[in-house]
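Q: I would like to learn how to read pockets, strands and cores from a structure. Could we work through one case?

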Amino acid sequence: MLRFNSDYMEGAHPEILARLTEMNFDKQIGYGKDEICEEAKRRVLSACGCPEGEAWFLVGGTQTNATVIDALLRPYQSVIAAQCGHINAHESGAIEAAGHKIVGLPHESGILDAEVLRAYLTAFYADPTYDHQPIPGMVYISHPSEYGTIYTKAGLEALSAVCREFGLYLFMDGARMGYGLTAAGADLTLSDIAACCDAFYIGGTKVGALFGEAVVFPKKDTCRHFFTTIKQHGALLAKGWLLGVQFDTLFTDDLYLKIAANAIEKAMKLREMFCRHGYRLYADSPTNQQFFVISRARYTELRRHVSFELIDPLPGDEVVVRFVTSWATTDEQLDELEALL
């Protein structure tokens, strides 16, 4: 069975496994307070162009989203996201469970536009009864989006300006950050993201690590007592050095970007292959998530040999499906897929 469901189906990059094996019997201080984590944080912050900021390592994406949002918002505040946003559609109500309403706004292939945001906030505060509603406190975006699309530098700066105008935090989910940074035509850098966002995270789980995400607050003391909040949300790893080793490895010699580029290269080959065989694109994604429209009959046939995601049914006998490449996808796997097509 060929598997193109997601980008976390393999274990970890061999260099990470080698480092973990090498250090396996070394005793380390717990909860990420060891020297390895400190060095990894330094590397991450340096790569983001904010050496005076703060970095934290958490165990997974849902825990990271829930922890950061709950830590930055007051109990009466809501978080704004695209209607398709991951926190709104795929996290089992984790944000609402902490008491924060999610407000879903219209989007363009997963991208939230600054003027759509401004229009919503303007209308919200024009309502004389707005204080009877959850008060907007944050905007959540993901890069890449749920449709594999990416924010431009100008688009992110515009969103950031609206957030600052209305006093909202801007938080970027970077579970697939590496693939957004290395996509063809991408003009956003980690430094640009740090300049525009109050908080963001760099995904490891989907970009070569066994598990783990690196949260970055570009400005120190953006979130007081964040360590305690991490633990309160069940996202603190006692063997924190396991996370530190992985991010220290990923951010040595640009390994993070190098392995992410493999997924983009393979995704473009996959995309060209599907189009050559008569399938049509559903979203114009430059990243490792590729979306196609296929007939229900072909979907059933392909599922006998290939594992991939069903995204949406369409009118008639067609469906939208998603194929995802990863840092570990090989040409041989693509050749097998083409033989089936």
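Q: Which element gives the most to the lining of the largest pocket?
A: Rolling a probe the size of a water molecule over the atoms shows where empty space is left. The model here is predicted. In it, strand S12 makes the top contribution to the lining of the largest pocket, with four residues. Helix H3 (61-72), helix H4 (86-89) and strand S10 (289-295) also give two or more residues each, as does S12 (309-313).

Q: How many residues line the largest pocket, and which lie nearest its centre?
A: The lining has 32 residues, with His86, Glu146, Arg176, Lys206 and Arg322 nearest the centre. The space in this pocket is about 630 Å³. By class, the lining divides into eleven nonpolar, twelve polar and nine charged residues.

Q: What lines the second largest pocket?
A: Its lining is made of 17 residues, and Tyr31, Gly32, Lys41, Ala55 and Trp56 lie nearest its centre. About 250 Å³ of space lies in this pocket. Helix H2 (35-47), strand S2 and helix H10 (226-232) each supply two or more lining residues, and S2 gives the most, with four. The classes are ten nonpolar, three polar and four charged.

Q: Are the residues of S2 buried or exposed?
A: In a regular strand the side chains alternate between the two faces of the sheet. In S2 (residues 54-58), five of the five residues are buried. One side carries Glu54, Trp56 and Leu58, the other Ala55 and Phe57, and both faces are covered.

Q: Which strand do five bridges join to S2?
A: The partner is strand S8 (residues 213-217), and the two run antiparallel. Within S8, Val215 is the bridge partner of Trp56.

Q: Which residues have the most contacts inside the largest nonpolar core?
A: In soluble globular proteins, nonpolar side chains tend to be buried together. Here the largest nonpolar core has 59 residues, and Phe200 and Ile202 have the most contacts inside it. Helix H12 (residues 255-276) provides the largest share of this core, six residues. There is also a second, separate core of 27 residues, which includes Leu72, Met138, Ala199 and Val215.

Q: Which residues is Phe200 in contact with, leaving aside its neighbours within four places in sequence?
A: Among them are Cys48, Phe171, Met172, Met177, Leu190, Ile193 and Ala194. Phe200 is also in contact with Ala214, Val215, Val216 and Pro218.

How values were computed: Residues numbered from 1 in each chain as written. Predicted model: local features only at pLDDT ≥ 70, side-chain atom pairs only at ≥ 80, totals over all residues. Heavy atoms only, no water. Buried < 20%, exposed > 50% of the residue type's maximum accessible area, 1.4 Å probe, protein only. Pairing = 2+ DSSP bridges. Core = buried A, V, L, I, M, F, W, Y, C linked by side-chain atoms within 4.5 Å. Contact = heavy atoms within 4.5 Å. 1 Å grid on protein atoms, 1.4 Å probe; cavity = no way out; pocket = protein on both sides within 12 Å on 5 of 7 lines; lining within 4 Å. Points joined across faces, edges and corners; volume = space filled by probe spheres on them. Nonpolar A, V, L, I, M, F, W, Y, C, P; charged D, E, K, R; others polar.
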